[in-house]
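Subject: Structure handover

Dear colleague,

I am passing the structure below on to you, followed by notes on what was found in it. Please read the notes with the structure open.

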Amino acid sequence: MTGKGGLENVNPQVFAKASQRVESSTDWDDDVYDPFDAREVFDLVRNIRDPEHPLTLEELNVVEEDQCEVNDAKNSVMVHFTPTIPHCSMASLIGLSIRLKLFQALPPRFKVDVCISPGTHASEHAINKQLNDKERVAAALENPHLLEVINKCLNPRGQA
């Protein structure tokens with residue numbers, strides 16, 4: 001059931017944003033080995049805009065730093081996200097936005113998995129299967145309308 005203007009979650013709860021990452025003098029030194037960590041991955045996805053609201057995934061508590069897992073040595077990244085409601089029809093779109101952002105930003109050595117946090121969505125299993133199937137993701141990203149919507153999510157607040 002949708003509410004005002006077709007929104008499923010008419011009045012979402014808004015959460016405080018985390019502080020900015022403190023940079024060190026070695027962050028920009030190419031001679032220093034700097035493994036990827038959960039905070040770095042969180043910083044990549046936190047400002048993705050929600051498809052229904054002019055708010056970021058961080059502001060809606062859809063993504064959190066403790067839901068980002070990185071094993072730099074094994075080249076793996078796992079991001080869990082929590083839809084704002086259990087029947088959110090935008091969950092696949094949010095997951096695709098997270099996946100595309102990480103694909104664009106991380107080195108290709110990383111295997112990225114994006115999943116709905118366990119027990120937070122009615123169609124969790126089906127959506128997780130879809131989000132982690134390379135052929136399905138590739139097919140979805142070939143859809144010009146879907147790609148346009150995802151790109152709007154990846155460029156929050158109208159930034160290019």
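**Notes on the model**

Asparagine 75 has a relative accessible area of 25%, so this residue is partly exposed. Please keep in mind throughout that the model is predicted. Asparagine 75 sits in the loop that links β1 with β2 (76-81). Its phi is near 55°, which is positive although the residue is not a glycine.

Asparagine 61 is in the loop that runs between α1 (38-45) and β1 (68-71). Its relative accessibility is 24%, and therefore asparagine 61 is classed as partly exposed.

**The sheet**

The sheet is open and has three strands, ordered β1-β2-β3, with mixed pairing. The edge positions belong to β1 and β3 (111-116); each of them has a single partner strand, so one side of each has no neighbour in the sheet. From one strand to the next, the twist averages 10°.

The two pairings are as follows:

- β1 and β2 run antiparallel and are joined by four bridges. Asparagine 71 has serine 76 of β2 as its bridge partner.
- β2 and β3 run parallel and are joined by six bridges. Serine 76 is opposite lysine 111 of β3, and histidine 80 is opposite cysteine 115 of β3.

How far is β2 enclosed by the rest of the structure? Of its six residues, five are buried, so β2 is largely enclosed. The cut-off behind this is a relative accessible area under 20%.

**Helices around the sheet**

A right-handed β-α-β unit is formed by β2, α2 and β3. Helix α3 (residues 124-131) lies across β2 and β3, and runs at about 160° to β3.

Helix α2 (residues 91-105) also packs against helix α5 (residues 144-154); the angle is about 70° and the axes are 10 Å apart. At that angle α2 is roughly perpendicular to α5, because angles of 65 to 115 degrees are put in that class. On the α2 side the contact is made by Leu93, Leu96, Ser97, Leu100, Lys101 and Gln104. On the α5 side it is made by Leu146, Leu147, Val149, Ile150, Asn151, Cys153 and Leu154. Sorted by class, the contact of α2 with α5 consists of nine nonpolar residues, three polar residues and one charged residue.

**Helix α1 and cysteine 68**

Glutamate 40 is part of helix α1. With a relative accessibility of 24%, glutamate 40 counts as partly exposed. Along the chain, glutamate 40 and cysteine 68 are 28 residues apart, and their C-alpha atoms are separated by 9.2 Å.

Regards

Note on methods:
Residues numbered from 1 in each chain as written. Predicted model: local features only at pLDDT ≥ 70, side-chain atom pairs only at ≥ 80, totals over all residues. Heavy atoms only, no water. Helix = DSSP H or I, 4+ residues; strand = E, 2+ residues; numbered from the N terminus. Buried < 20%, exposed > 50% of the residue type's maximum accessible area, 1.4 Å probe, protein only. Axes fitted to C-alpha atoms, helices over the stretch in contact; angles between N-to-C directions. Parallel < 35°, antiparallel > 145°, perpendicular 65-115°, else oblique. Contact = heavy atoms within 4.5 Å. Nonpolar A, V, L, I, M, F, W, Y, C, P; charged D, E, K, R; others polar. Pairing = 2+ DSSP bridges. Right-handed = clockwise from strand over helix to strand, strands pointing away.
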